[in-house]
Amino acid sequence: MLLYFSILYLIIIATAIAAIELTNLIWVLVAFAVLLTEIALFYFSLGFPLLGAFQLAIYAGGVAILVLFAILTIGEREEEKRESKLAAGVAIALFITGVIASIWTGLTTKPYLQISLEEIGRVFVDKYAILIIPLAFTAAGIVFGAYYILSKKLNREE
Amino acid sequence: MNFQFSHEPMFWFLLVTFSLVAIGIYGLLARKSILKMIISVEIVVNGANVGLAAFATQHGADGVIIAFFAIALAALEVAVGLTLLIVLARKYGITFPEKLNNLKW
Amino acid sequence: MEKLIYLSVFLPIFGAPLIWFISHYTNKWLSWYMSLAITGFSALVALTTLWNVVNGHIYENSFTWFQFGDVKVPFGIYVDGISALIYAMAAFLGFLIVMYSRGYMEHDESPHRFFMKVTFFIGSMLGLTVSDNILALFIFWEFMGLASYLLIAYWYYKDSAADAGLKAFLMTKFADGFFLAGLVLLWLVTGTLNIQEINHMAELAAIPLFAAAASALLMFGGAVGKSAQFPLFPWLLDAMEGPTPVSALIHAATMVNAGVFLVGRLFPFYEYSGILYVIMAIGAVSAFIAVLGATVHREIKKIIAFSTMENLGLMFVGLGAGSLAAGLFHLVSHATFKALLFLAAGNVIHFTHEKDAFKLGGLLKIMPVTAALFLIGILSLSGIPPFSGFYSKEWIVHEAKMAGDPIVFAFVLTAAVLTIFYGFRLWFRIFTGEPTEAAKHAREAYPIMLIPIGILAVLTFLIGLFHKQIVEIIDKHAHIPHDWALTILVFSLMAVAFFMAWLLYYNRVIDTQQLLRDPILAILNKTFYNAFFVDHILRWLSKNFVVEFLAFIFHWIDRNVYDYIVNGVAKTALWAWEKARVIQTGNLIHYLTIFVSGAIILYYLYLVIL
């Protein structure tokens with residue numbers, strides 16, 4: 001399993017760095033899509049097939065295609081890089097902090113729970129069903145806001 | 001071969017989480033392009049989701065459900081971000097975040 | 001019955017705004033009917049209460065108003081003989097005065113405003129008379145101060161009325177400061193504010209004598225302001241700027257009686273504290289100043305106001321000489337005939353539009369009923385039997401004689417004897433002689449104005465008739481002494497005074513203006529007219545001490561200390577802004593960097609602290 005995990009981990013890190021570092025936006029999008037798919041693989045391996053399916057459908061499908069459309073709209077451009085030692089320092093500090101925190105808290109691993117789809121559905125209905133209502137309104141607000149901004153812009157251009 | 005994780009230490013998944021969050025934050029801070037920044041935010045959110053899913057195996061289904069919510073909201077966020085990109089990129093170019101400095105004194 | 005007593009107090013107080021509100025949007029004179037109904041109800045309850053108290057009931061009810069920590073603030077009623085008598089008297093006189101006001105205020109623009117204030121005033125006085133603890137009494141006391149300010153300044157568009165209201169308010173508030181201090185001191189020493197408990201402790205000598213004397217003296221300071229005694233009386237004379245029914249209310253039913261009532265209600269405590277002599281001395285001085293002022297003034301209402309001050313002084317002499325019953329019996333009897341006098345004077349002023357008694361004359365033929373009722377008031381005021389004034393006043397003169405202080409006795413005797421002089425001076429000037437220009441246009445008053453005065457005239461006769469029973473209500477062991485030698489002395493002196501008044505103001509053998517050519521008489525006249533210049537002295541003190549000295553210091557502190565602090569804060573803020581604005585770069589990336597760094601630092605802080 002260590003081998004399997006290591007391969008996955010390396011691919012994830014590599015594609016994440018590629019998504020940040022590459023200058024050609026099409027290749028950035030390709031790296032990003034691979035990253036999202038690998039994470040979906042993680043979910044399947046952890047025993048959450050529904051979450052993995054969501055990840056594939058919404059992220060690897062929807063978001064990647066949205067970004068693709070955006071790139072096509074604004075044109076595929078090469079962007080100049082900016083080296084920032086401060087940003088690198090902050091990122092490394094964050095990583096080290098995370099590792100220290102993981103160790104410091106004395107994390108112990110119990111045998112994994114086998115969480116079935118029924119279990120997830122039950123907990124969802126018991127605890128989180130009410131959250132769907134504000135979430136739905138938030139989603140509606142966001143979508144409407146995006147549409148409003150776009151349509152205003154288009155009107156002004158006419 | 002069985003690719004199902006069953007007793008691997010939590011530290012592995014936290015390593016994934018913090019690696020992705022660190023890379024995402026670096027991208028957010030070091031890149032001028034709004035598209036790269038949106039992608040960086042998505043990387044951060046995905047890192048967090050991996051951590052949530054991993055902890056769900058220890059503490060019950062809540063982590064997975066929160067991950068569902070996070071995915072839904074992240075998708076919406078991308079929608080708005082890309083809208084802003086399309087609207088503002090014509091005027092300022094794709095590197096507009098550093099040109100929007102009218103919050104300055 | 002306790003509930004009805006509560007209702008009789010709070011219905012006028014809380015009903016007053018309602019009267020204004022309803023009448024303002026319907027018919028303004030509706031307020032009169034509402035006020036009459038409310039005060040009539042209160043009077044009915046009060047008279048029933050008095051009847052039951054006479055038959056041996058005592059009404060007692062108390063509850064905790066509010067509480068913080070261990071300190072409980074009580075509120076309640078305790079109606080015994082003293083309380084019930086003043087309660088019934090205030091309610092009944094208030095009712096009659098409200099009835100009378102229909103005629104007097106007939107040309108007024110905003111009668112609903114008037115009746116709102118009057119109803120509130122009466123309610124406050126009723127609350128004061130039945131309260132069972134000094135704090136509640138003090139609250140109603142302050143309500144009454146507010147109501148008197150509003151009513152004296154009723155014609156607010158007249159500068160003199162507004163100033164008079166302000167003066168009354170400031171002087172009584174100044175005195176109330178002492179009252180509050182005394183109240184707090186008493187509470188700190190005894191731990192209770194219940195009147196009965198304090199009286200009981202005083203009878204057992206359970207209060208430290210020095211603290212008792214200090215707090216009694218401070219509370220008497222409040223009573224001096226409220227009851228217009230020396231040296232805080234000038235507001236009472238200026239208060240004549242208000243409408244005449246208000247003057248009747250202030251002088252007879254409510255306001256000025258509160259001070260006497262306070263001392264009477266706490267009488268065992270005052271007896272124990274040993275300051276009765278101070279009360280007697282101040283009462284005697286006030287009576288002396290007032291009676292001399294009344295003999296030289298020209299305005300009808302001011303003469304009657306001085307007469308009120310004199311009678312209040314006499315009440316304090318009666319209390320100070322150690323006789324509770326003498327003081328409070330005179331309070332009741334004075335309230336009746338003083339309301340009668342003020343309302344009768346109101347008739348004269350309302351139908352002649354003239355306040356100066358020396359510009360009137362010959363009204364006897366034009367207003368015969370008013371003249372007769374006015375005469376009854378004067379007779380009662382002067383102390384002629386069978387009216388009530390005779391019994392109460394003779395008693396007080398007797399008590400002053402028994403107190404054994406010749407100066408006090410001389411002052412009281414002067415006051416008692418000269419009363420008939422200024423009383424008949426007033427009556428002769430208004431009602432006899434040739435009718436003047438102002439008097440010719442007058443007519444007899446309406447029945448609605450004459451009926452209350454008639455009832456008061458009957459009442460002053462009845463109080464004289466039933467004086468023994470009334471004294472018994474106040475104090476079961478007291479009885480009116482019969483000192484024939486003193487009575488004969490007083491009556492012979494009064495006969496001389498009456499004869500002089502008859503000569504000077506009925507026959508008019510000498511023009512009184514000629515007497516003023518004599519320099520000594522002129523100076524005396526001026527001194528008496530200005531009430532020994534107490535008002536001027538108070539003005540001088542307040543100008544030089546308060547305005548020139550204290551205000552100067554406060555002004556300096558304000559400019560140099562407070563302004564410095566305030567400006568310093570502003571300058572510091574500006575300086576900080578100048579220095580701190582540099583970090584507001586407006587660049588999103590900088591903010592994000594700082595945000596993430598801050599999150600990391602917070603985590604380490606968390607690790608270090610825990």
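Colleague: Is C:Phe532 buried, partly exposed or exposed?
Modeller: C:Phe532 is partly exposed, because 17 other C-beta atoms lie within 10 Å. Buried needs 20 or more other C-beta atoms within 10 Å, exposed means 12 or fewer, and partly exposed is in between, with C-beta atoms placed from the backbone. This is a predicted model: local features need pLDDT of at least 70, side-chain atom pairs count only at pLDDT 80 or more, and totals for chains, interfaces and linings use all residues. Residues are numbered from 1 along each chain as written, and chains are lettered from A and ligands numbered from 1 in the order written.

Colleague: Where is C:Phe532 found?
Modeller: In the loop between helix H25 (519-529) and helix H26 (534-580) of chain C. Helices are DSSP runs of H or I, at least four residues, and strands are E runs of at least two, numbered from the N terminus.

Colleague: What does C:Phe532 touch?
Modeller: C:Ile289 and C:Thr527, leaving out residues up to four places away in sequence. Contact means C-beta atoms, placed from the backbone, within 7 Å.

Colleague: New topic. How many residues of chain A are in contact with chain B?
Modeller: 68 of chain A, with 62 residues of chain B. H3(A) gives the largest share of chain A's side, 12 residues.

Colleague: And what is the secondary structure of chain B?
Modeller: Three helices and zero strands. Along the sequence the pattern is α-α-α. Buried residues make up 53% of the 105 residues in chain B.

Terms used
Two residues are in contact if their C-beta atoms, placed from the backbone, lie within 7 Å.
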